[in-house]
Amino acid sequence: MNRIFSGVQPTGNLHLGNYLGAIRNFVRLQDRYDCIYCVVDLHAITVFQEPAELAASTREVAAAFVAAGIDHRRSIIFNQSQVPAHAELAWIFNCVARLGWLNRMTQFKEKAGKNRENASVGLYAYPNLMAADILVYKATHVPVGEDQKQHLELTRDIAQKFNNDFKTELFPLVEPLIMGTAARIMSLRDGRQKMSKSDPSDYSRINLTDTPDDIAQKIRRAKTDPEPVPDGSPAGGTPESRPEAFNLIEIYAALADLDHARVIATFGGSQFSTFKEALTELAVTTLRPINGEMRRLRAAPDHVDRILAEGAGRAAAIAEPILAEVQRVVGFVRRR
Ligand code: TYM
């Protein structure tokens, strides 16, 4: 059976990259798979989070899932800390994964920066917990943006080593589902940096909670160059030579669900001011219903908490027997 698992960190500022690269795909996959979508609060605390903000962000991500169209009756929506099996399996994986594997993780290097000695141990072991998230459900497919690819390769390595060490076929080898043009949406201020929750400049991203005015201002101020919109000819440049221009085209294409060649055919050669107006209109109309529903759910935290609790119960019912199977394979003596 095919099962989808994916997660989003509750660290504030859900943005267009999260939506186009991940959450919108979560919605679409519900028709074809059993889906489990998790707000990964255990991952969030690998970097210090103010407790009240963590709780608010957890509800906010759950609200974004629902507002974007994930049906909590069909799919499972929950937060990671309510299902202890994630942390229990992560410990076992801490003992399977090799230091050398984690030393290669580029995201740790980026997040820890120069002050590696001062990063939390959790930040370093982060990918093992991510492998546990996926494998505690024996999920087969994981929809993510491009930046998570290396973590999924590590998940496969962990599954394979566990299966080899314990001479079992317990874990499947997961497949990443990295979909289409929106797998890597870049910052509006610098086309070589990905759009990110942690960028200090709010002008670098479009947040799912931005008002139409915010969106219009951010797109108007988005960095471009003095040339017209690329027209597909050699003179129009390439994504390497004009990263900001091509990023705006990718965003338009992803929002409109069009091939970027179609966007270039429509807007190529026009002035950026004209294209930016069309992009603003499209972004505002696409995000308006999600934004409205998120506001409604923000005013109903009890309702969101019930969705999370009910989802956690259903998630635990799948995870616990799988964890018990792992514990038997490892040789842990269990209560009968
Ligand atoms: P997180 O919270 O950073 O991001 C959530 C999802 O959004 C995607 N994404 C992007 N896609 C396109 N362009 C961008 N600029 C962009 N920025 C973010 C991410 O690829 C991701 O799919 N480690 C994960 C959370 C996680 C997880 C898991 C994911 C924990 N356990 C198990 C899958 C399976 C993370 O930090 O995502």
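Mentor: Let's start with a search of the whole structure, which finds one cavity of 30 Å³ or more. Keep in mind that this is a predicted model, where local features need pLDDT of at least 70, side-chain atom pairs count only at pLDDT 80 or more, and totals for chains, interfaces and linings use all residues. Residues are numbered from 1 along each chain as its sequence is written, and side-chain values use heavy atoms, without hydrogens and water.

Trainee: How much space lies in the largest cavity?

Mentor: About 60 Å³. Volume here is the space filled by probe spheres set on the grid points, which are joined across faces, edges and corners.

Trainee: Which residues line the largest cavity?

Mentor: Met105, Gln107, Phe108, Lys111, Leu123, Tyr126, Pro127 and His151 do. Helix H6 (106–112) and helix H7 (121–135) each supply at least two residues of that lining. Helices (H or I, at least four residues) and strands (E, at least two) are DSSP runs, numbered from the N terminus.

Trainee: And what does the largest pocket look like in numbers?

Mentor: The largest pocket has a volume of about 1,300 Å³. Its lining has 46 residues, and Gln107, Lys111, Asp147, Gln148 and Lys194 lie nearest the centre. Elements giving two or more residues to that lining include strand S1 (3–8), helix H1 (16–29), H6 and H7.

Trainee: Why is Val136 called buried?

Mentor: Buried means under 20% relative accessible area, exposed means over 50%, and partly exposed is in between (1.4 Å probe, protein chains only). Val136 has 0% relative accessibility, so it counts as buried. Its place is in the loop between H7 and strand S4 (141–143).

Trainee: What is Val136 in contact with?

Mentor: Contact means heavy atoms within 4.5 Å. Leaving aside neighbours within four places in sequence, Val136 is in contact with Ala85, His86, Leu89, Ile318, Ala319 and Ile322. Ala85 is 51 residues away along the chain, yet its C-alpha atom is 7.2 Å from that of Val136.

Trainee: Is Lys138 buried, partly exposed or exposed?

Mentor: Lys138 has a relative accessible area of 24%, so it is partly exposed. Lys138 also lies in the loop between H7 and S4.

Trainee: How do you know that Lys167 is exposed?

Mentor: Lys167 has 74% relative accessibility, so it counts as exposed. Find Lys167 in the loop between helix H8 (149–165) and strand S5 (175–177).

Trainee: What is phi of Lys138?

Mentor: Near 50°, a positive value in a residue other than glycine. Phi of Lys167 is near 50° too. Most residues other than glycine have a negative phi.

Trainee: What makes the radius of gyration agree with a compact globule?

Mentor: The radius is taken over C-alpha atoms, and the globule rule is 2.2 Å times the number of residues to the power 0.38. With 336 residues, that rule gives a value near 20 Å, and the protein has 21 Å, so the two agree. Of the 336 residues, 51% count as buried.

Key
On a 1 Å grid over the protein atoms alone, a cavity is a set of points where a 1.4 Å probe fits but cannot get out, and a pocket is an open set with protein on both sides within 12 Å along at least five of seven lines; lining residues have an atom within 4 Å of a point.
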